[in-house]
Amino acid sequence: MHLENKDSGLASASLEVELHQTSALASAGQGGRWPRRPTTRKHNQHQEDLSNNDLRTNFSFPSQAPGQRSWIPEHKEFGSVLTEERSHSPLPQVTSSSKDTGVTENTPLLGNSSPKKGPQCMPAYPEFIVPEESWENGLTDWEPTCLLSKGMAGLEKGELPDSAQLRVPLSKLRHCVQLLRTAGLFVFVVACSVLFSLYPDQEEFWQLLAISPLESYSANLSTHKDSALLQVDLAGALVAAGPSRPGREEYVMVTVTQMDTLSPWRRRPPQITQNWTIFLNPRRSEHVVVSTTFAIQSREAVSISIRASLQQPRLVPLLLAHQYLWASTAAQVTIAAIILMGVYVLIVFEIVHRTLAAMLGALAALAALAVVGDRPSLTHVVEWIDFETLALLFGMMILVAIFSETGFFDCCAIKAYQLSRGRVWPMIMMLCLMAAVLSAFLDNVTTMLLFTPVTIRLCEVLNLDPRQVLIAEVIFTNIGGAATAIGDPPNVIIVSNQELRKTGLDFAKFTAHMFVGICLILLVSFPLLRLLYWNKKLYNKEPSEIVELKHEIHVWRLTAQRISPASREETAVRGLLLGKVMALEHLLAQRLSSFHRQISQEDKNWETNTQELQKKHRISDRVLLIKCLLVLGFVILTFFLNSFVPGIHLDLGWIAILGAIWLLILADIHDFEIILHRVEWATLLFFAALFVLMEALAHLHLIEYIGEQTALLIKMVPEQERLTAAIALVVWVSALASSLIDNIPFTATMIPVLLNLSQDPEVSLPMPPLMYALALGACLGGNGTLIGASANVVCAGIAEQHGYGFSFMEFFRLGFPMMIVSCTIGMCYLLAVHVVLGWN
């Protein structure tokens, strides 16, 4: 290994060590030889050939001529001289090449002896045993180095080092674990595929009925011996939950009757009757499908009857279907929970990619549905996928891919750097605030599609780590999306519910109530973000001078460990080298401290840096930029007007697709495949698999079970404290559930549960506080995990495409504490407004 100094470090002059007197005594006693130490044979032979001159080591200084020698007086210490020399010269570099300029020194540093003849010296970078007051993370960083040096020393003795002995079993163990993982997943997939193929699709046969107060429907259903549940589906002008109009209830009663054969001593077994009430919708043109399950108590025949209770005599058209299930509700919920837990294990420990984990979970859920007797057909599975969300993602990805070709994102990054005046934390706060405000009026997925490329380019310009900044942005995007009725899908679902609209929960009232709470949450979230990032290194990599200094310390310490304390002279030299390392450690600690302080300080050269960046990063195609701005502005404006103007009959997905087609025509794209390569296909496939997984878990009654248990807990609380307990339970159950499952099906399931709860005369709870609690928990709970919100997955996918992907645990370390604090602030706001002030 060659040690050189290209600029001005230590080089080819000889240095007389301060131990001249000691070495003279050793020379008289040992014939002037350098004390033997366990190195290579060539090195020992060369050391024995040294003359009886003074003990010296060869170095050179850049200010001297190549052949000039420099001597250090005996009264000066070795470490002080080297430290003094460093103060007048930049950092040296260590390289294995001998072609560069400067004096090169051959040394048996890593067990390689020099083939050249002539005087040799010890390398100037020794190994160091870290003291207690070492610089930050020194021991952790240099432990592998110590193991390496010990291993090389063993090789010099002809022994196999311990690290090499451990490396082979570890590699074999890692290979075995990989094989077991692959084999286990393959067996699991094959088992699910076999189970799914053994059961046929359960096609529902709908029967048309017409009932009235005077005419009811009754029929005997054939039963199966091993059935556990009877699922009954009704379709028509129905309401999923709650009466259509208070005081004017019109409903349909479904009664299931079965004989109880568990009492053989009775002459006539008693009948088991189970009732189900469905309220009618006054809008007769609407078509809603509702379903429920009845427990099968015996193997006797089951009879079903349907009758109507109306204000006026009329016929009510209905569609009826039924099927038998082989597993009870508790068993289905247990299976669903195990599947969901397995998916999270695959994602958290990164056993497979999150897209493949979602696909495996969807396959397992479909196999479970097939086993319980509710296997869906391929058409039904495709209908479970939310193509509006996929179309929105695809269209916006096309728009952003073309937009990035103009250099607009680079200019936005430079502008943000200029506005922040070179200060990192004000710039991060400004980006988070802009993301939160924009997501309040746009969908948070669209916001992250626009912000992620800009943030990545800005971090690359400023040498920051994009991962930490992106995680902070997406968290504030989810928080800001909860401020309005159109910012997040759960809010849209709540406001668009017709039953809630009848109670007075409209767009303006919902937004005004949520906006105040979100502002309070944002005021607390910004200091919390700074606190969570207090000890995190936001810079992507350290400056070159610090990297070189760390490398120099590493080589000095390695050399010190190479010196065997076989004699007093070698022990003294080792101590001198360790003193040099301590001086370099102190210098490194100072530079690291000043470097970390620069994160929160203003860059004094920000104006000069801005001018250089503006010269380097310019708009590459102004005509294309104008076209992109026009199309994107129209798309965003249509997004906003879609919630207010009833004449626009376009969903968000259609708007994004049409905007992408317009821009493809205006940009005159010929090589279409280049644009398609910029689309995050893995993210789209993940969402498709996630939709199937969540719908299958809903068919397994997992989401319904969570809602029912929440309602039971609220009913158990005393009436005086019921509203307080209801708000707290709904907020935290919604937040935790939304961090584990998609918040869209959870919100759709919880709305009828909370409606029934508020309209139950035994509970007597106001409805608006429950809906606000549901909205806050469902929106803020998305920050709990990486797959808790759609914006999280989109941001992670785009970052991964740019080479800055972050893992589940990296997001969890920041997102989960932010979710806990934000939900706590939101809960306190709701309790203060609805319990203390009584704003209901």
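The points below concern the sheets, nonpolar cores and aromatic contacts of a predicted model.

1. First sheet. Four strands form an open sheet in the order β7-β12-β9-β10, and their pairing is antiparallel. The edges are taken by β7 (217–221) and β10 (271–279); each has a single partner strand, so one side of each is left without a neighbour in the sheet. On average, and with direction ignored, neighbouring strands of this sheet are turned by 15° against each other.

2. Strand β9 and its partners. Strand β9 (residues 251–259) is joined to strand β12 (residues 302–309) by eight bridges, and the two run antiparallel. Within this pairing, Val254 has Ile306 of β12 as its bridge partner, while Met253 stands opposite Arg307 of β12. Towards β10, the antiparallel pairing of β9 comprises nine bridges. Here the bridge partner of Val256 is Gln274 in β10. Strand β9 is also mostly covered, with seven of its nine residues buried.

3. Nonpolar cores. The largest nonpolar core contains 166 residues, and Met396 and Met771 are the residues with the most contacts inside it. Helix α23 (residues 681–699) gives the most to this core, contributing twelve residues. If neighbours within four places in sequence are left aside, Met396 is in contact with Thr446, Leu449, Leu450, Leu632, Val635, Phe639 and Ala656. In soluble globular proteins, nonpolar side chains tend to be buried together.

4. Which arrangement do the rings of Tyr344 and Phe808 adopt? Their centres are 6.1 Å apart and their planes lie at 85°, so the pair is edge-to-face. The pair links distant parts of the chain: Tyr344 belongs to helix α6 (residues 329–348) and Phe808 to helix α29 (residues 808–836), 464 residues apart. Both Tyr344 and Phe808 are buried. These two residues form one aromatic cluster together with Phe812 and Phe816.

5. Other aromatic contacts. The model has 13 aromatic pairs. One of the other pairs is made by Phe686 and Phe687, whose ring centres are 5.9 Å apart and whose planes are at 70°, so this pair is edge-to-face as well. Phe686 and Phe687 are both buried. A contact of another kind involves a charged residue: Arg375 lies over the face of Phe196, at 3.9 Å from the ring centre.

Terms used: Residues numbered from 1 in each chain as written. Predicted model: local features only at pLDDT ≥ 70, side-chain atom pairs only at ≥ 80, totals over all residues. Heavy atoms only, no water. Pairing = 2+ DSSP bridges. Axes fitted to C-alpha atoms, helices over the stretch in contact; angles between N-to-C directions. Core = buried A, V, L, I, M, F, W, Y, C linked by side-chain atoms within 4.5 Å. Buried < 20%, exposed > 50% of the residue type's maximum accessible area, 1.4 Å probe, protein only. Contact = heavy atoms within 4.5 Å. Phe/Tyr/Trp six-rings, centres within 6.5 Å; stacked < 30°, edge-to-face > 60°. Lys NZ or Arg CZ within 6 Å of the ring centre and 35° of its normal.
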